[in-house]
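Have the model open as you read.

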Amino acid sequence: MDSLQEFDSTSIALPLTSTTGNTTATVASSSPISSTSNLSRYENQKRRDWNTFGQYLRNHRPPLSLSRCSGAHVLEFLRYLDQFGKTKVHTQLCPFFGHPNPPAPCPCPLRQAWGSLDALIGRLRAAFEEHGGKPENNPFGARAVRLYLREVRDSQSKARGISYEKKKRKRPPHQQQQNPALVMAPPPASATTDTSDDHE
């Protein structure tokens, strides 16, 4: 648990710089991509994300081991990624705040989209446990990380005028077809017997 496994390449071409800004390292490896060609797209993405986070820990000053990584370090990593974001997040002073389709450019900052961060944390959380980490010690599942993602979701939703609410699942068609049949069911045989008794 004290060392991170090296993978093929990073999901994002990030020039991972140490927190002191003195060194710069490239995450991409020279390993052939064919080594992971048999894996699913999700698995490849998860391996690249894991490699990216491992490189970030090694470039950290002082360097961090995975076993000593906490939710606070995960938040530091997420904030670090914001400088490479491509999603425009309007400030409250911007005239386009809450506008989903701004008619003109503005100087508001670019950030990592909430959906990207949420998916990233999901993959890293799974990778942590696949590499021997215990669920109760998973820094990617820390409460602080969940609260941070919720805050990013809510703030970006307001700033961009976009709703992140999950859509309600529709009922399967076969269930909808069964209900009318129950309503149109013929009366039971006992009802016919009762009617005949009234005439006697």
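## Arg153 and Asp154

Asp154 is partly exposed, with a relative accessibility of 37% (partly exposed sits between buried, under 20% relative accessible area, and exposed, over 50%, using a 1.4 Å probe and protein chains only). Its salt-bridge partner is Arg153, with the closest N and O atoms 3.2 Å apart; a salt bridge here is a side-chain nitrogen of Lys or Arg within 4 Å of a carboxyl oxygen of Asp or Glu. Arg153 is partly exposed too, at 28%.

This is a predicted model, where local features need pLDDT of at least 70 and side-chain atom pairs count only at pLDDT 80 or more, while totals for chains, interfaces and linings use all residues. Residues are numbered from 1 along each chain as its sequence is written, and side-chain values use heavy atoms, leaving out hydrogens and water.

## Salt bridges around helix 1

The whole structure holds four salt bridges. Glu43 and Lys46 form one of them, at 3.2 Å from N to O. Both sit in helix 1 (residues 41-59), three residues apart, or about one turn; helices are DSSP runs of H or I with at least four residues, numbered from the N terminus. Lys46 is buried at 4%, whereas Glu43 is partly exposed at 27%. A salt-bridge network links Glu43, Lys46 and Glu130.

Arg123 and Asp49 pair up as well, their closest N and O atoms 2.4 Å apart. Arg123 belongs to helix 3 (residues 114-130) and Asp49 to helix 1, so this bridge ties together parts 74 residues apart in sequence. Both residues are buried.

How values were computed:
Helix = DSSP H or I, 4+ residues; strand = E, 2+ residues; numbered from the N terminus.
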